[in-house]
There are 2 protein chains.
Amino acid sequence: MTNATHRPRGRHRVLVVGGGFAGLRAVRGLGGAPVEVTLVDRQNFTLFQPLVYQVATGALSPAEIAAPLRSILRKQRNARVVLAEVTGFDLEHRKVVLEHLPNQRGGTTLGYDTLIVAGGSRYNYFGHDEWQADAPELKSLAGALDIRSRILAAFEAAELETDPALRQAWLTFVVVGAGPTGVEMAGQIAELARDVVRADFRSADTRTARVLLVEAANRMLMSFPAPLSHKATSALERLGVTPMLNHTVVGVADDSVAIRGPDGEVAETPARTAIWAAGVTASELAARLAEAAGAEVDRSGRVTVGPDLSLPGHPEVLALGDMVRVRRADGAIVPLPGLAPVALQQGRYAARLVRDRLLGRPTRPFRYVDKGDLATIGRSKAVADVKGLHLSGFAAWVTWLVVHLFYLIGFQNRMLVLIRWTVSFATRGRGARLIVRPPEHPPATTPPIGDPKA
Amino acid sequence: MTNATHRPRGRHRVLVVGGGFAGLRAVRGLGGAPVEVTLVDRQNFTLFQPLVYQVATGALSPAEIAAPLRSILRKQRNARVVLAEVTGFDLEHRKVVLEHLPNQRGGTTLGYDTLIVAGGSRYNYFGHDEWQADAPELKSLAGALDIRSRILAAFEAAELETDPALRQAWLTFVVVGAGPTGVEMAGQIAELARDVVRADFRSADTRTARVLLVEAANRMLMSFPAPLSHKATSALERLGVTPMLNHTVVGVADDSVAIRGPDGEVAETPARTAIWAAGVTASELAARLAEAAGAEVDRSGRVTVGPDLSLPGHPEVLALGDMVRVRRADGAIVPLPGLAPVALQQGRYAARLVRDRLLGRPTRPFRYVDKGDLATIGRSKAVADVKGLHLSGFAAWVTWLVVHLFYLIGFQNRMLVLIRWTVSFATRGRGARLIVRPPEHPPATTPPIGDPKA
């Protein structure tokens, strides 16, 4: 690839890896700056990750929570998008190695003056990647669509099944991990079974569905204050979810999940649908970057960056978002939650740092401004922790709704989502309950363009 | 499966196979009748097939042109839905054989008093099914999503390609078949390349894209009067489509399409994207049903039914829609186009026939009322043939818009589609330009639920 040689000579080249909250915000923050920005991502869209679970339950369509990167950056003339996977960093020669381009012509490299890496995070399977086939992850769009088809197909199977035990296995849903995504998903499945699809079936009573929410810690929503965790637990129980705190998944098969309780005993629960939302781990890019820079990596795979988000010994390399932890000037490591606001603030900070450096202005260390934390539990219920103010119930839910609509990218999406939600709320329906399986032949003309976090 | 034994004894059982325009209309037409209706389909949704090509170009999301069968029939208490594939007909014992149920427990049978079969049609590959991998069909939702990803990935590949000849191959799109679907698709790709994505790319000039529309006949839109065909041809040419009439595809590879011209010579055109919309053939159910009844099948696989849409010797078995041709009482076979209005009218007729027979009322033969024919070519252009009145240009396009919105199932869909179209029209944007590939592991918990026509 020789695109890099077309650039006007002398312009400062900023290479941004990853078009999520952090990376895209960094790119946009450089709009109008005298730099040349290249955004590299394996996907052609940015994803509003906090609402992915709504795609998994059929409440929203993919296009409502995803926007093509090229459309977003169409008017930013100093930015271009490259659809590729980053496979290596050559920090000495200031280059990254790319592969998996849609034209299948092998690897290439891209040079930079400033590198910004924002690869995000993914779920890991506690070292058991083989569980993924029976418990898809709820983080990517592809995972959410897979989960949607499985949940809907499970209700269909229950409708046809006449053996009560087998039917119950089809109506048992295990959600692994009680962070915001797991909590929201469990609540939505319970609502789906009790409310939304109940009248759709003639033989199966979907109200008998069991939703197990398995969490290794002793409370759910660990990033929230304890009282809000307890409120969320009660609210979920009222919806029909069974929280299983201090429990760990130790095995996943296509018709059962093995769960170890606090007493150490393992029980096999017959369940045909399992959903994975546990074990948050930094993107593999963090490990590759840390190796290239000789930087530290923590247990969750996050690379340690300095107070200005740069890598030790490499002020020209910044890393942002879920895949980093920040060491302050005094040497203390500040634990920051893996949330969209952190990523957005770091992206904005990185853009400002690049601008300030170019102008020779002094720079300040990154400082996170905590604006609060939100999680929904079901229709019209949520918990919120806004600057120490604890909200729950309907008020928290309205806050959640407004915040999420506000941050959704693009006017059209916001309108569509608002209409969808209004209709869903009024009719208790779900608009996008489609079981769509990929065609059985492999795509031949173009290579798979998958999820960078998978 | 013993569901069939739960039915209240003595009620007339109507079994409808296929939830497309014809089958679903028949089910709905039996609402409130003293019958017990079972609708069998391999998919859990009904598809608004005339707009599938809009999903393929990213103008619409799948949920906007598909509605879950269970939601549609939720309030029709005498109807139930079974997700299964019909593999055989036992007309003597009045049973159908089902397989491929989501619970993977093998085959079963369902009895009936009246059987209504509406399996629709599919595209065939002139006996070369191996072409499908490189030229996906534009009829199912899965096919449309596959095509969408390929078209968008082709633009991405062109952006990265520096060899002019190879770039041109990525920017060459071959649409096979110039019926309404092929014509609409070709026009939309041309618009996409010239208008919509042009500003998204920095290296590739998408305006140089070539769209070849290959048709074996001597004019496009054969179901329309010749003057409208010619108008459509000119309009497509102005959009940048190259119509290739009297041409036949004789080979498809991942990087080229072999096309035989009217002089018999074959040329290999370098093209990375091919789309199949040719060779309309009746569903395999037609052949199975014809064999069971000893009925005739024509060259396109359609079964011949009597004036009341019943099979010869089996008044209790009706067949409808794209998979049949009707023999009038005088023995003449009436050619009917494979269009939604025909299917809808036959579905309504079948429901009325069942009601009339139950009441002992006399029945009349089916008669098709031709309300006209419509096809769009691009933004604000269309051709229409309404009872001999030929429209083209903007007036035809508005007619097309109103008719299609009117027939879209469900209030929510209509609202969403109207908003999408308004925004698309105003901004020349496309909301759903997402490349989503399925996860690479096979779904293990549930079997694939594919497209009944694939």
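These legends go with close-up views of a predicted model.

View 1. Start with B:Arg70 and A:Glu156, whose side chains meet in a salt bridge at 2.3 Å, N to O. Now look for A:Asp200 and B:Arg74, another salt bridge, with 2.8 Å between the closest N and O atoms. A:Asp200 counts as buried because its relative accessible area is 4%, and the cut-off for buried is under 20%.

**View 2. A three-stranded open sheet in chain B mixes its pairing.** The strand order is 19-22-23, and strand 19 (303-305) and strand 23 (333-334) are the edges, each pairing on one side only. Strands 19 and 22 (residues 324-327) of chain B run parallel, joined by three bridges. You'll find B:Thr304 opposite B:Arg325 of strand 22.

**View 3. A salt bridge links B:Arg327 to B:Glu296.** Their closest N and O atoms are 2.5 Å apart. B:Arg327 belongs to strand 22 and B:Glu296 to the loop between helix 9 (284-293) and strand 19 of chain B, so the contact ties together parts 31 residues apart in sequence. B:Arg327 is partly exposed at 28% relative accessibility, and B:Glu296 is partly exposed too, at 42%. Over in chain A, a network of salt bridges links A:Glu296, A:Asp298, A:Arg302, A:Arg325 and A:Arg327.

**View 4. Strand 24 of chain A pairs with strand 25.** Strand 24 (residues 373-378) is mostly covered, with six of its six residues buried. Five bridges hold it antiparallel to strand 25 of chain A. One pair to pick out is A:Thr376 with its bridge partner A:Ala382 in strand 25.

**View 5. Chain A carries a positive surface patch and a nonpolar one.** The positive patch is made by A:Arg348, A:Arg352, A:Arg364, A:Lys371 and A:Lys387. A:Lys387 is in the loop between strand 25 (381-386) and strand 26 (389-392), and is exposed at 63% relative accessibility. The nonpolar patch, about 270 Å², comes from A:Phe394, A:Val398 and A:Val402. A:Phe394 lies in helix 11 (residues 394-407) of chain A.

Terms used: Residues numbered from 1 in each chain as written. Chains lettered and ligands numbered in written order. Predicted model: local features only at pLDDT ≥ 70, side-chain atom pairs only at ≥ 80, totals over all residues. Heavy atoms only, no water. Patch = residues over 30% accessible without salt bridge, like charges linked within 9 Å, V, L, I, M, F, W, Y side chains within 5 Å. Areas by Shrake-Rupley, 256 points an atom, 1.4 Å probe, with all protein chains shown as cover. Salt bridge = Lys/Arg side-chain N within 4 Å of Asp/Glu carboxyl O. Lys, Arg positive; Asp, Glu negative; His and termini not counted. Charge placed at Lys NZ, Arg CZ, Asp CG, Glu CD. Helix = DSSP H or I, 4+ residues; strand = E, 2+ residues; numbered from the N terminus. Buried < 20%, exposed > 50% of the residue type's maximum accessible area, 1.4 Å probe, protein only. Pairing = 2+ DSSP bridges.
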